[in-house]
Amino acid sequence: MKRFEDEGAYKYSFYSVLRRGERIDVKCPNCGGHASIDQRNGQLGWKCYECYAQAFEEPVYQYKAKGNCAVCERWFNVEVTDEKKTSHRSTHVECPHCGSMNREHLNYLIAYVSADLRVKYGNMPIRTASHSIPAYIKDAKNRDVVVRTLSKLQHKTG
């Protein structure tokens, strides 16, 4: 009876093999012959053993933050470009849906929140510009605080 002991979970994944300094056998894009990918001096490159073609490129990293916003509860997936934030596993990223987009949007928010009666036109359930405003901003009990905060923001951006 033959015995087989299984190995680690990700031993043969692409990045694990490269991290260990081993090569990955591939097909040459030029001649279709035997080529390999390896990483040397921080650069990822390939070379063909038949036509001797080769190319090197530095790895390109994209850092993304995704999740549900704690304030507006909408899903977001944005690219993080701030180098100070990319080195941390858990970092605060501003939600792209929260806040005002520009001066016109800020005026709209102030007018919407300060209104006592909000009218939606038509009998069809169509999304309006106010559908994405969080419920705590729409509540009448928070009206004074929200309008005061938005007004301060309006004067601050002057």
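Biologist: In this predicted model, why is C51 called partly exposed?

Modeller: C51 has a relative accessibility of 36%, and because buried means under 20% and exposed means over 50%, a value in between is called partly exposed.

Biologist: What makes C28 count as buried?

Modeller: The relative accessibility of C28 is 3%, and since the limit for buried is under 20%, C28 is therefore counted as buried.

Biologist: How do you know that C28 is in no disulfide?

Modeller: A disulfide needs two cysteine sulfur atoms within 2.5 Å, and by this rule the count comes to 0 disulfides. For C28 the nearest cysteine sulfur is that of C48, at 3.7 Å, and for C51, which is also in no disulfide, the nearest is again that of C48, at 3.6 Å.

Biologist: Why is D38 called buried, and where is D38 found?

Modeller: D38 is found in strand β2, which covers residues 34–40. Its relative accessible area is 13%, and because buried means under 20%, D38 is called buried. Leaving aside neighbours within four places in sequence, D38 is in contact with L18, R23, Q43, L44 and G45.

Biologist: Which residues make up the largest nonpolar core, and which element gives the most to this core?

Modeller: The largest nonpolar core has 10 residues in all, namely L106, L109, I110, Y112, V113, I133, I137, V146, V147 and L150. Two or more residues come from each of α3 (103–114) and α5 (143–157), and α3 gives the most, with 5 residues. As for Y112, leaving aside neighbours within four places in sequence, this residue is in contact with R118, S130, I133 and K138.

Technical notes: Residues are numbered from 1 along each chain as its sequence is written. This is a predicted model: local features need pLDDT of at least 70, side-chain atom pairs count only at pLDDT 80 or more; totals for chains, interfaces and linings use all residues. Side-chain values use heavy atoms; hydrogens and water are left out. A nonpolar core is a set of buried Ala, Val, Leu, Ile, Met, Phe, Trp, Tyr and Cys residues joined through side-chain atoms within 4.5 Å. Buried means under 20% relative accessible area, exposed over 50%, partly exposed in between (1.4 Å probe, protein chains only). Helices (H or I, at least four residues) and strands (E, at least two) are DSSP runs, numbered from the N terminus. Contact means heavy atoms within 4.5 Å.
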